[in-house]
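Subject: Structure handover

Hello,

Here is the structure for your files. My notes on it follow below.

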Amino acid sequence: MSIIQRIRDKGAWVLFGIIALALIAFILQDGVRQGGGLFTNTTVLGEVNGQTLLKASFDEKLNDLEQMAQGQGGPREELMEQLWNQEVDQLLLKEQYEKLGLMVSPKELSDLLFGPNSPLKQEFTDPATGEFRVNDARNAIAQMKRSKSAEQTRMVNTVYINPAVERILRIKYQSLLLQSSYIPKWLVEKQIADNNSIATMSYVYYPYNAIPDSAVKVSDDDIASYVKKHANEYQKLEETRNVTYVAFSAAPSSTDSANVYNELMSLKDSFATTKDAGLFLAKNSSALPFYDSYFSKSRIQQPNKDTLVRIPVGQVYGPYVDGNNYVLAKMINSKTWPDSARVRHILIAFNDPNTRQPLRNDSVASKLADSIRNAIITGADFNALCTRYSNDPGSKDKGGVYEYFPQGQMVAEFNDFSFDKPVGTKGIVKTEFGYHYIEVLGQKNPNPAYKIAYLAKPILAGTETEAAAAAAAAQFLAAAKDARKFSDEATRMKKPLQSISDIRENDYNVGTLGQSRTLVRWIYQNDAGDISEPTSIGDQVIVALINGIFPKGTMSVAEAKPLVENIVRNEKKATLIATTKFKGKNLDEIAKNIQAPVQKADTLFFSAPFIAGVGNEPAVVGAAFNKSQIGKTSSPIRGTTGVFAIQTESAGARPSMQDTESFKQSLMQLLRSSSFRSQDALRKAAKIKDNRFQFN
């Protein structure tokens with residue numbers, strides 16, 4: 001049984017008995033440090049600075065996360081990555097908490113559980129007064145010390161205790177970081193002075209793009225030398241691999257399309273005569289399920305909807321193409337409906353909306369819904385009953401109200417009651433979620449609405465199409481025995497070589513090909529030059545060649561080249577420009593040699609190194625503030641976009657409009673905001689061993 005089931009069936013006392021056990025266990029310790037768990041296992045999923053992350057514990061938390069994420073569309077692999085990062089961060093922070101001696105006292109935990117921000121308030125708030133019944137919560141804990149359910153204890157720890165402890169510890173740790181921020185007076189004064197520094201200069205400029213790239217050769221040695229000098233900027237935290245592949249289409253052929261079309265044509269007459277459209281669609285495996293309610297024309301998300309709304313009742317239109325499906329559409333009925341409705345309701349759910357665990361059976365839910373209806377009829381307050389009994393987290397805190405919502409947003413039974421019943425109607429409706437006591441509060445804009453059934457069949461590749469793609473891939477593989485033959489055979493078969501780079505060990509997606517954990521595992525279980533067996537991904541069969549393995553650490557030449565090549569080329573161009581173009585003792589002579597005008601830049605700011613018409617040039621603008629160079633022509637300066645020679649005309653300061661204390665506080669705020677990036681620094685400095693690849 002779930003925690004919530006015990007709450008609903010036997011009262012809130014049981015839950016807090018479980019919390020009592022967790023709290024008592026907590027109090028018996030000498031304070032609490034974050035970490036540890038209820039389960040152990042010798043299978044290690046990872047290590048963080050020597051601290052182990054156990055697979056059994058990880059899987060347990062992943063299952064909890066999946067239950068909470070149900071219906072929200074989060075793929076499992078995304079949840080796994082999210083949880084992994086969360087667990088790594090918690091282990092890193094646990095290490096910091098222990099170094100700093102941070103802990104949570106029993107009093108601190110008690111204050112959080114029973115204070116104004118208590119996570120228990122929902123169950124122990126008086127619906128009539130809104131008062132948190134603290135003593136009731138404390139008494140419940142005292143009465144329920146005898147609970148021995150390990151699963152319920154784990155869930156309460158997961159939902160209440162552990163997050164509370166973690167929240168307190170994080171607040172303490174973050175406070176330490178914030179309070180450690182300090183900016184000395186001299187730095188504030190210098191920053192203000194820099195912000196108010198202003199200069200004027202004349203300059204000549206020769207852009208890098210005036211020299212063709214072909215005129216400057218950048219070798220691999222040049223790249224390697226640059227990366228070595230700037231090694232800290234070109235570090236990788238994990239290994240990556242590259243593949244080259246050829247693809248053979250297994251997409252549906254015209255024959256496959258015709259087969260699906262003919263299948264629907266063979267069903268058209270029986271679809272038209274069936275009395276139960278929902279059952280017919282289910283029996284014939286429609287790709288579009290039957291929505292047994294109405295939509296206005298504006299809400300119909302089908303092509304040809306102008307035609308669909310004119311189908312006579314009982315008739316079938318199609319087949320027509322909708323995306324990757326062939327579709328038959330049958331008009332079931334039409335009527336005039338509002339385009340939006342406003343209701344309030346109380347949901348007596350079968351299952352807990354958060355944990356998906358059973359709350360109550362149909363009979364218990366039905367009787368409770370009847371009791372609520374009878375109570376409201378005899379004058380009970382709707383809002384109070386909603387606060388106490390409703391299991392709908394989306395409306396419970398708003399008196400059960402759903403403001404004006406469009407047709408089709410709710411499940412069919414709820415939708416029909418909201419749109420088909422007159423304003424003021426009250427009643428009980430059963431849906432897949434439970435029993436709803438509903439009151440229709442308002443409706444807007446009556447228009448024609450249509451109930452249409454769609455029999456949809458996906459246009460899929462047939463076995464012959466798939467076999468042909470597999471045979472072509474096998475033929476290619478038979479000839480492509482090594483990297484050279486791989487390329488030669490691709491040329492012979494007129495198949496383009498395609499590449500995917502930066503594949504990581506724990507990836508699920510392979511570049512733009514799509515999801516294939518099988519292929520990623522193969523890539524990391526083999527060596528450079530190895531060629532894969534034909535592998536199906538989406539509507540393609542591919543054969544892949546591993547053509548690059550790049551360990552973590554400093555980037556290789558091949559990896560860094562796309563990032564570095566242009567920088568190195570511009571450095572070489574700068575040397576060429578400075579030695580061959582910039583001839584002369586002053587700006588006029590240099591300008592004559594490079595056939596460019598002498599230009600003037602007024603109002604240069606030290607704090608914003610931008611030259612109008614050129615762009616961001618910090619080295620050049622910075623040089624303009626060298627007062628010793630006023631009236632003198634500089635040597636060539638290598639800038640971001642070209643080479644410059646400058647002559648400072650003036651360099652000084654404008655009157656300061658900044659209050660020193662206010663400016664200091666703004667700098668402190670900026671410094672403190674950077675403390676929230678401390679986790680990145682901890683990760684970079686940590687020794688993290690990731691064993692996930694062994695298990696998925």
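Two strands are taken to pair if DSSP finds at least two bridges between them. The model is a predicted one, and the notes on strands below rest on that criterion for pairing.

Hairpins

β7 and β8 make a hairpin, with two residues between the strands. In its turn, G323 has a positive phi of about 65 degrees. Strand β7 covers residues 316-322 and strand β8 covers residues 325-349. Their pairing is antiparallel and runs over five bridges. If you want a place to start looking, V316 is opposite K330 in β8.

A hairpin also links β21 to β22, here through three residues. Strand β21 (residues 637-638) is joined to β22 by two bridges, and the two run antiparallel. R638 has V643 of β22 as its bridge partner. Strand β22 (residues 642-653) also pairs with strand β3 (residues 197-207), in the antiparallel sense and over 11 bridges. In that pairing, Y203 has I646 in β22 as its bridge partner.

The three-stranded sheet

Three strands, in the order β2-β1-β23, form an open sheet with antiparallel pairing. The edges are taken by β2 (51-54) and β23; each has a single partner strand, so one side of each has no neighbour in the sheet. From one strand to the next, the twist averages 20 degrees. Strand β1 (residues 44-48) is joined to β23 by three bridges, and V48 is found opposite I688 in β23. α4 lies across β1, β2 and β23, and runs at about 150 degrees to β2.

The second largest pocket

The second largest pocket has a volume of about 760 Å³. It is lined by 24 residues, and those closest to its centre are L237, E238, K552, I688 and D690. The elements that contribute two or more residues to this lining are α4 (76-100), α23 (678-685) and β23 (688-690).

The four-stranded sheet

Four strands form another open sheet, in the order β12-β5-β16-β15, again with antiparallel pairing. Its edge strands are β12 (498-504) and β15 (535-537), each of which pairs on one side only. The twist here averages 45 degrees from one strand to the next. Strand β5 (residues 240-249) pairs with β12 over five bridges in the antiparallel sense, and the bridge partner of T240 in β12 is R504. Helix α18 (residues 517-525) lies across β5, β12, β15 and β16 (540-550), running at about 80 degrees to β12.

Salt bridges

How many salt bridges does the structure hold? The count is 29. One of the salt bridges is between D111 and K107, where the closest N and O atoms are 2.8 Å apart. D111 and K107 are separated by about one helical turn, because they are four residues apart in helix α5 (residues 106-114). Side chains of opposite charge can pair when their charged atoms come close.

Regards

Conventions:
Residues are numbered from 1 along each chain as its sequence is written. This is a predicted model: local features need pLDDT of at least 70, side-chain atom pairs count only at pLDDT 80 or more; totals for chains, interfaces and linings use all residues. Side-chain values use heavy atoms; hydrogens and water are left out. On a 1 Å grid over the protein atoms alone, a cavity is a set of points where a 1.4 Å probe fits but cannot get out, and a pocket is an open set with protein on both sides within 12 Å along at least five of seven lines; lining residues have an atom within 4 Å of a point. Grid points are joined across faces, edges and corners, and a volume is the space filled by probe spheres set on the points. Axes are lines fitted to C-alpha atoms, for helices over the stretch in contact, and angles run from 0 to 180 degrees between N-to-C directions. Contact means heavy atoms within 4.5 Å. A salt bridge is a side-chain nitrogen of Lys or Arg within 4 Å of a carboxyl oxygen of Asp or Glu.
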